[in-house]
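Subject: Structure handover

Hello,

Here is the structure I promised to pass on. Please open it first, then read my notes below.

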Amino acid sequence: MMNLMHWRLLVAVADSKNVSRAAERYGITQSGASQALTQMEESLGVKVFVRDRRETTVTAIGEQIIERARRMLSEFESIQNLVDISRGCHLGRIKLASFPSVFASFLPDLLQTFSRLHPSVEIVSLEGTDEEVEQWLASDSIDLGVVMNPDEKRQALSLGRDTWVAVVPVTHKLARRSSLSTVSLRELVEEPFILATGGCYLNGQSLVEREGLALKDIKITVRDWTTAFALIGEGMGISIVPASTLPLDRRGMRVFELSKPIYREFGLVCSQTGQNSPSAQTLLNEIRKSTLGLNIPMTIRGAETKPLVPT
């Protein structure tokens, strides 16, 4: 069944003439977007696009469909604005907090879509460590906060997850392993270690300690991931990092999955103030609808995650 998210994707592909760029705009995988477009064309019974290696073009009947889709989406936005006014959330302000990696990788497209639908609602974005976000939620200083590994009692809206991976210099003995190999935490604890925390309580050291192990040779501790990757690339040591933080340019390093996978779960949680805010509740509903609409995996900087579903 086609829904608004499908139609938005259709228009985005027509505008960008590229499935990958349109998929990135909505934080979904390229293969998932292609599958959704194929399903739409099968449902409509006509070809909307012609795809080749260079670009995706719109067919003649596709032009007419896209034109009507634009009008439909415009009318929907008008209806949404009318509803916002009636509910009192058209002049609202939402204070949303998260740690930097989620702001940089996942939330921008969702917030951009929300702002387009609700232009009168101001979103104030606050960056902090996971512990700071928890403190702000507890003190009611923010409406919504992204938290790590929320338990079921918090009724969080799951934003997905990413996995921890091991990163080693290409000169390291582990780098000679097959690309299909995995490594265990026990194999890593004796090695020179670059401890990158990202400002979070969950990091390489805490993960190792949870397994009853200990890092024997911490060369340096840094907060930001970029510095950690630069040090690894220079052969200073190895590290354990979230897959979502991996740089696009991975020259000088090899990445391995852990033999026993460890995940970071992301959840969007309401403070008491947020629960009573029409604007914050509208944002939650929009995120839930826009990401559940296609029912395909979301991505965080190239790391595939679970689809958004309520926990």
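A residue counts as buried when its relative accessible area is under 20%, and as exposed when that area is over 50%. Partly exposed covers what falls in between. Keep those cut-offs in mind for Leu 207. This leucine sits in helix α9, residues 204-210. Its relative accessible area is 4%, so Leu 207 is buried. Leaving out residues up to four places away in sequence, Leu 207 touches Trp 164, Leu 185, Leu 202, Ile 240 and Ile 262. Take Leu 185 from that list: Leu 207 and Leu 185 are 22 residues apart along the chain, and their C-alpha atoms are separated by 8.8 Å.

Now the overall picture. Please note that this is a predicted model. The average pLDDT is 84, and 89% of the residues score at least 70. One stretch needs care. Over residues 293-311 the pLDDT is below 50. That stretch still has 68 contacts in the model beyond near neighbours in sequence. Where pLDDT is low, predicted coordinates should not be read in detail.

The protein has 311 residues, and buried ones make up 50% of them. It holds twelve helices and 14 strands. Take the contacts with a separation of 6 or more: 72% of them join residues 24 or more positions apart.

Next, the cores. Nonpolar side chains tend to be buried together in soluble globular proteins. The largest nonpolar core here has 45 residues. Which residues have the most contacts inside it? They are Leu 107, Leu 144, Leu 188 and Leu 268. Strand β6 gives the most to this core, with five residues. Leu 107 is in contact with Leu 96, Ser 98, Val 102, Val 146 and Leu 159, leaving aside neighbours within four places in sequence. Another core lies apart from the largest one. That core has 23 residues, including Trp 7, Tyr 26, Ala 33 and Ala 69.

Helix α10 is worth a look. It spans residues 225-233, and its buried residues are Trp 225, Ala 228, Phe 229, Leu 231 and Ile 232. Why do they lie on the same side of α10? Because they cover an arc of only 160 degrees around the axis. Five strands make up the packing partners of these buried residues: β6 (157-169), β8 (193-196), β9 (218-222), β10 (239-242) and β11 (253-258).

Ala 230 is also in α10. Is Ala 230 buried or partly exposed? Its relative accessible area is 41%, so Ala 230 is partly exposed. Ala 230 and Arg 250 are 20 residues apart in sequence, and 9.7 Å apart in space from C-alpha to C-alpha. Just after α10 comes Gly 235, with a positive phi of about 85 degrees.

On to the rings. The structure holds one aromatic pair. Phe 99 and Phe 266 form it, 6.0 Å centre to centre. Their planes are 40 degrees apart, and the pair is tilted.

Two arginines lie over ring faces. Arg 161 is over the face of Tyr 263, at 3.7 Å from the ring centre. Arg 264 is over the face of Trp 164, at 5.8 Å from the ring centre.

Last, some backbone angles. Most residues other than glycine have a negative phi. Lys 17 has a positive phi, near 55 degrees. Lys 17 lies in the loop between α1 (4-16) and α2 (19-25). With 43% relative accessibility, Lys 17 counts as partly exposed. Asn 149 has a positive phi too, near 50 degrees. Asn 149 lies in the loop between β5 (144-148) and β6. Its relative accessible area is 30%, so Asn 149 is partly exposed.

Best wishes

Methods
Residues numbered from 1 in each chain as written. Predicted model: local features only at pLDDT ≥ 70, side-chain atom pairs only at ≥ 80, totals over all residues. Heavy atoms only, no water. Phe/Tyr/Trp six-rings, centres within 6.5 Å; stacked < 30°, edge-to-face > 60°. Lys NZ or Arg CZ within 6 Å of the ring centre and 35° of its normal. pLDDT = per-residue confidence, 0-100. Contact = heavy atoms within 4.5 Å. Buried < 20%, exposed > 50% of the residue type's maximum accessible area, 1.4 Å probe, protein only. Helix = DSSP H or I, 4+ residues; strand = E, 2+ residues; numbered from the N terminus. Arc of directions from axis to C-beta. Core = buried A, V, L, I, M, F, W, Y, C linked by side-chain atoms within 4.5 Å.
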